[in-house]
Amino acid sequence: PAMSIRKMSSRWGSFSAKTYRVALNSELVKSSLDCIESVIMHEFCHIKHLNHGANFYALLEHVSPDWRACNKQLNRQLLRI
């Protein structure tokens, strides 16, 4: 999918099935590479599963086993923005 970086107030990333585009929050540059990769993999998982159901999380766990730790780190970072 095409990718863009933009200022986002409440998300680290998003995927649009309609435009087949991933948008990433510009604040991600302040995060570790592992967490940036985790957000990208999260959005890529939406290519196959458009929701946050069990199948989505099974795929995310497979491609990004450390997603929970990164999610905690990013949520702490979001509170500082």
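The structure is a predicted model, in which local features need pLDDT of at least 70, side-chain atom pairs count only at pLDDT 80 or more, and totals for chains, interfaces and linings use all residues. Residues are numbered from 1 along each chain as its sequence is written, and side-chain values use heavy atoms, with hydrogens and water left out.

**Overall fold**

- The protein chain contains 3 helices and 3 strands, where helices (H or I, at least four residues) and strands (E, at least two) are DSSP runs numbered from the N terminus.
- Read from the N terminus, the order of these elements is β-β-β-α-α-α.
- The radius of gyration of the protein chain is 12 Å, close to the 12 Å that the globule rule gives for 81 residues, so the chain is as compact as a globular protein of that length; this radius is taken over C-alpha atoms, and the rule is 2.2 Å times the number of residues to the power 0.38.
- The C-alpha trace of the protein chain spans about 30 × 25 × 20 Å along its principal axes.

**Surface and charge**

- Of the 81 residues of the protein chain, 36% count as buried, a word that here means under 20% relative accessible area, while exposed means over 50% and partly exposed lies in between (1.4 Å probe, protein chains only).
- The protein chain carries 11 positive and 6 negative side chains, and the centres of the two sets lie 9 Å apart; Lys and Arg count as positive and Asp and Glu as negative, whereas His and the chain ends are not counted, and the place of a charge is taken as NZ of Lys, CZ of Arg, CG of Asp or CD of Glu.

**Confidence**

- The mean pLDDT of the protein chain is 94, and 98% of its residues reach 70 or more, pLDDT being the predictor's confidence in each residue, from 0 to 100.
- Confidence is lowest in helix α3 (residues 67-80), at a mean of 88, and highest in helix α2 (residues 54-63), at 98.

**Two residues of strand β3**

- Ala-23 lies in strand β3 (residues 21-25) and is buried, with a relative accessible area of 5%.
- The C-alpha atoms of Ala-23 and Gly-13 are separated by 5.4 Å, although the two residues are 10 apart along the chain.
- Not counting residues up to four places away in sequence, Ala-23 touches Ser-4, Arg-6, Met-8, Trp-12, Gly-13 and Ser-14, where contact means heavy atoms within 4.5 Å.
- Leu-24 is also placed in strand β3, and Leu-24 is buried, with a relative accessible area of 9%.
- Leaving aside neighbours within four places in sequence, the contacts of Leu-24 include Met-3, Ile-5, Val-39 and Ile-40.

**A loop residue**

- Tyr-20 is found in the loop between β2 (13-16) and β3, and at 42% relative accessibility Tyr-20 counts as partly exposed.
- Tyr-20 has a positive phi of about 55° although it is not a glycine. Most residues other than glycine have a negative phi.
- Tyr-20 and Ile-47 are 27 residues apart in sequence and 8.2 Å apart in space, C-alpha to C-alpha, and Ile-47 is one of the contacts of Tyr-20 once neighbours within four places in sequence are left aside.
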